[in-house]
Amino acid sequence: MAIPDILRAEGDDGTPDSTVPADTASAGTVPGSTGAAPESITLAAIGAVTGATGTGLPASPSEDTEAPLTRVYTCLLARDPARTPAYSADLAAELELPLSRVESAVSALLDMGLLRRTPDRAVLPVAPDEAVQRTLGPLEREMRARRQHMERTREQLMAFMPLYESHLLRLTHLRQAEYVELLTDLRAVREAITELGRTCEREVMTAQPGGGRRAEVLEEAVARDEELLRRGVRMRVLYQHTARFSSGTCAYVERVGRLGAQVRTLDDEFMRMLVFDRSTAVIPVPDDPHAAVLVREPHVVAFMVGAYERLWLEALPFETEWDRQTIMDISDELKQTIVRLLTEGLTDAAIARRLGLSVRSCRRHVADVMAALGAESRFQAGYLLAQQEREQPGP
């Protein structure tokens, strides 16, 4: 069985081994001790003595380790100060402990600040509260200094926050300008559309609600659209049904139709837009007919394309040749839409704007519906229409 290290300095008879220097034993010092002042003691030194772990808190000493420390400290407290100064050898004799264990205990108590050396290297006890002040005081001062340094460093670093926030704001504006661009001048809008048409390679989707288009707008568009179609760009155009009754719009549809453009119409209002190559969209600005917004954000453009595809599936092909049955069907569909909007309580002006009709034409259609119902007022017409809907059998 291995002999414990703390007993290796003992001889066979229990006396100190001759390998311990005599002068060291008599002086009561520990080999290798530098006699440093308590102010220089660090937590590492205390941890080494008391068995501190990596948590920063000292581990509870075992009974074997604590007993010599307590006995040595108690023995010193019990000594008469007038007696001969105490050395390790004296304490070992009084306590009947091996000198090596007493020296280890004295060294630990010195590190803890509970003992101090006299000029002649003897040891005297120190009050625990004084030991706390002498041992932990420097550490507390160091911690306060470090906290102050941390606060100063935090203030220095946070002083740069306004600069960084300004940078983020600038990046946000740049990204917004990259994805969304507001054009407030009609000339800039036309130039942007011309440039997008010139660079378009695959497809243009157009949604133009509001009935027949003005002659000057059609003349500007037809040259650009024909050039696109000759380059093999696919073109789809959505109008409202009322555009079929515009001679200028019919002439435009006939010209672009010969080059492969597809045109369809819907009864109700929809969002105005132009989409080029499914990557850039042009949409109007509410209440400003001379402004437009260019949208390049991929997810937004994809949403607009999906909405356009759904409208396209519901729309009817725009036939440039007059077909009586088709015109009657469209007229009936318009009247059904007017009936529906009447039951919702919309005014003539609101219905006209929504269907791309003039107010005069809308009122004529409303009068036809009221005559067919035998109603003398819009209120009565709405009531009769609602009654008819309730009386209709379900699917």
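Tutor: Start with helix H6. Its buried residues are Ala131, Thr135, Gly137, Pro138 and Leu139. Here buried means under 20% relative accessible area, exposed means over 50%, and partly exposed lies in between (1.4 Å probe, protein chains only). This is a predicted model: local features need pLDDT of at least 70, side-chain atom pairs count only at pLDDT 80 or more, and totals for chains, interfaces and linings use all residues. Residues are numbered from 1 along each chain as its sequence is written, and side-chain values use heavy atoms, with hydrogens and water left out. Helices (H or I, at least four residues) and strands (E, at least two) are DSSP runs, numbered from the N terminus.

H6 covers residues 128–158. Its 31 residues reach 43 Å from first C-alpha to last, close to the 45 Å expected at 1.5 Å a residue. That expected span is 1.5 Å times one less than the number of residues. H6 also bends, by about 45° at Leu136. The bend is the angle between axes fitted to the seven residues ending there and the seven starting there.

Now compare helix H14, residues 359–373. Its 15 residues should span 21 Å at 1.5 Å a residue, and the end C-alpha atoms are 21 Å apart, which agrees. Its buried residues are Ser361, Cys362, His365, Val366, Val369, Met370 and Leu373. An α-helix has 3.6 residues a turn, so residues three or four places apart point the same way. After H14 comes Gly374, with a positive phi near 75°.

Helix H4, residues 88–95, buries Ser88, Leu91, Ala92 and Leu95. Down the axis of H4, these buried residues fall within an arc of 100°, so they line one face of the helix. The arc is that of the directions from the helix axis to the C-beta atoms.

Glu96 follows H4. It sits in the loop between H4 and helix H5 (99–112). Most residues other than glycine have a negative phi. Glu96 has a positive phi of about 55° although it is not a glycine. At 72% relative accessibility, Glu96 counts as exposed.

The axes of H4 and H5 come within 9 Å and cross at roughly 120°. Axes are lines fitted to C-alpha atoms, for helices over the stretch in contact, and angles run from 0 to 180 degrees between N-to-C directions. H4 and H5 are therefore oblique to each other. Under 35 degrees counts as roughly parallel, over 145 as roughly antiparallel, 65 to 115 as roughly perpendicular, and the rest as oblique. H4 passes H5 in a right-handed crossing. A crossing is right-handed if the near helix is turned clockwise from the far one by less than a right angle, and left-handed if anticlockwise.

Helix H9 (residues 215–230) and helix H10 (residues 247–258) make another pair. Their axes come within 10 Å and cross at roughly 10°. H9 and H10 are therefore roughly parallel to each other. Their crossing is right-handed.

Two sites remain. Asp287 has a positive phi of about 65° although it is not a glycine. Its loop joins strand E8 (280–285) and strand E9 (288–295). Asp287 counts as exposed, at 83% relative accessibility. Arg236, in strand E5 (residues 234–240), is buried, with a relative accessible area of 2%. The C-alpha atoms of Arg236 and Gly260 are separated by 9.3 Å, with the two residues 24 apart along the chain.
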